[in-house]
Amino acid sequence: MDASVDQNKTNKNFSLRKSEEAFNAAKNLMPGGVNSPVRAFTSVGGQPIVIDSVKGSRMWDIDGNEYIDYVGSWGPAIIGHADDEVLAALGETMKKGTSFGAPCMLENVLAEMVISAVPSIEMVRFVNSGTEACMGVLRLARAFTGKHKIIKFEGCYHGHADALLVKAGSGVATLGLPDSPGVPKAATSDTLTAQFNDISSIESLFESHKGDIAAVILEPVVGNSGFIVPKPDFLNSIRKITKQNSTLLIFDEVMTGFRLSYGGAQEYFGVTPDLTTLGKIIGGGLPVGAYGGRRDIMEMVAPQGPMYQAGTLSGNPLAMAAGIQTLKRIKKAGTYEYLHEITGELVRGIVEAGRRAGHAMCGGHINGMFGFFFTEGPVYNFADAKKSDAAKFGRFYWGMLEEGVYFAPSQFEAGFTSLAHTSQVIKMTIAAAERVLRRI
Ligand SMILES: Cc1ncc(COP(=O)(O)O)c(C=O)c1O
C-alpha cells in the first residue's frame, strides 16, 4: 500500500513524498529497505517515515514533519533524545578516540553503576546488543549447570540467536513467521516453550524433562507481544520452581532494565533471578548489551573461566560514556514517579477516549513502559494479545502519524515515555487520539 494513497487522511499538509522516495531507493539497497524488520511498517501498512533528526520527546522526518515519539529508539531514550549532557559526554570522550579494544576506565564506572543498581548482578560482561547478551547468557547457563534444555515463553523475544528464535513475539509475529527458515532443527531442539502467566505450563515441562533444564529465560514484563504484566505470583512461582530443580532463572531485562525502576523489574517485583541480560538504556542510545549475575556463575566466563565469549567493540568508550551519563540522570529522585504519572495519564486518556468512541480497548503501564490493545482484555499472554484488532490498529496508527504522533508500528510492541515528555505533550497526544479514535 502506498502511504500517500489510502490512509484515511485528514491533514491536507501531511506529505511523505521524500520519505517515500528514500524508502523506495532503500528497498533496492537493503532487504525490505531496512536494517531491522519491524521498522518496515509491515503490520500497519504503507511505508515507514525516514527520520532526519531527534531531540527530547520529538523527531522530524526528511519531509519536515514533526512527531511526538513514543518509541524512543525502542527503549534507550529514557531521558529524551539527543540529550545535551549525553552529547557533551560523548564529545569529550570522542576527543580521546572511539574505540580502544583494550580496557578503559569508563568500563569500570558503568560496571559499578550496573552492579550497585541491579539486585542480581555481582559481576557483569558488556557486549554490543541485547541479542549478544541473551546468546552469551544462555551459553553460560548451560556451561554452569551442565544441562542443555531451556524454557522460554511464547511471545517473549530474546534477540535473534538461533536457539531463541522460537515463538519469539513481535518482529517474527508481525511478519507472520512462526519461526525462521535457516534455523537448524538441532539449534532449537533443546528450546521448550511455556505460556506466560501460566505456571502449570512450566510445571509440566519440568515434570517431563526432569534434571535436563539449564535455565528458564523470560521478559519479566513482556514488551514483545505488546505490554503484558505478570500475574501477582507468577514470577515468585517461577523463582521457586527453578530453585527446586537447580535450574537457573534468567530475567531478560534488555527492555525493562532501568526502565521499570532503577533496579529493573527484579527490583520492582522483589524477585531476584540468578542471571540478567541488559541493553538499550545502559547504552544511552549507542549499541550496548550486557549480561551479569551471581559471582560464582559469572566466574565461568572467559578468561576467568572456560565459557568463551568475546567482542571487538565490547565496552567501547563511547557506549560506556552515553550509558554512564544516562544512568546518572535517571538515578536522580523523582524519575520513576514522574514517568508513572505521565504514562498513566497517557494510557488512561487513550483507552478512555477509545471506549467513548465505542472501541473495545484495554491498556496498562508500569512507570515509563506502556501498551494498549484493541480488544476488551484482559491480556495475559500472546494468544490474548493476538485478539487485538490489527486492521483497526493500522487505521489508528496512520491517523496518529498524521496528527504528529509516532507509536511503534506494530501492536505487538510496548511503548515508551521519557523525562522529556511533558504533561503538555501527553495532553496533545490524548487530544489527537480522541480525534482519530472518533473517525476510525
Ligand atoms: C527483551 C529483549 N531482549 C533482547 C532484545 C534484543 O536486543 P537487540 O535488538 O539489542 O539485539 C530485545 C530487543 O528489542 C528485547 O526487547
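Biologist: How far apart do the C-alpha centres of domain 1 and domain 2 lie?

Modeller: In this predicted model, the two C-alpha centres are 27 Å apart.

Biologist: Which residues belong to each domain?

Modeller: Domain 1 comprises 3–69 + 334–439, and domain 2 comprises 84–330.

Biologist: And how many residues are in contact between them?

Modeller: On the domain 1 side 30 residues take part, and they meet 34 residues of domain 2. Together the domains bury about 2,500 Å², with 65% of that area on carbon and sulfur atoms.

Biologist: How many salt bridges cross that interface?

Modeller: The rule finds one salt bridge between domain 1 and domain 2.

Biologist: Turning to cavities, how many of 30 Å³ or more are found in the whole structure?

Modeller: The search returns two.

Biologist: What lines the largest cavity?

Modeller: Its lining has 14 residues, with Phe-372, Ser-410, Glu-413, Ala-414 and Gly-415 nearest the centre. Strand 12 (residues 369–373) contributes the most, namely three residues. By class, eight lining residues are nonpolar, five are polar and one is charged.

Biologist: How do the residues lining the second largest cavity divide by class?

Modeller: That lining has two nonpolar, eight polar and one charged residues. Among them are Gly-56, Ser-57 and Asp-69, as well as His-81, Phe-416 and His-421.

Methods. Residues are numbered from 1 along each chain as its sequence is written. This is a predicted model: local features need pLDDT of at least 70, side-chain atom pairs count only at pLDDT 80 or more; totals for chains, interfaces and linings use all residues. Side-chain values use heavy atoms; hydrogens and water are left out. On a 1 Å grid over the protein atoms alone, a cavity is a set of points where a 1.4 Å probe fits but cannot get out, and a pocket is an open set with protein on both sides within 12 Å along at least five of seven lines; lining residues have an atom within 4 Å of a point. Grid points are joined across faces, edges and corners, and a volume is the space filled by probe spheres set on the points. Helices (H or I, at least four residues) and strands (E, at least two) are DSSP runs, numbered from the N terminus. Ala, Val, Leu, Ile, Met, Phe, Trp, Tyr, Cys and Pro count as nonpolar, Asp, Glu, Lys and Arg as charged, and the others, Gly among them, as polar. Domain bounds come from an automatic or database domain assignment. Contact means heavy atoms within 4.5 Å. Buried area is the accessible area (1.4 Å probe) that two parts lose on being put together, summed over both. A salt bridge is a side-chain nitrogen of Lys or Arg within 4 Å of a carboxyl oxygen of Asp or Glu.
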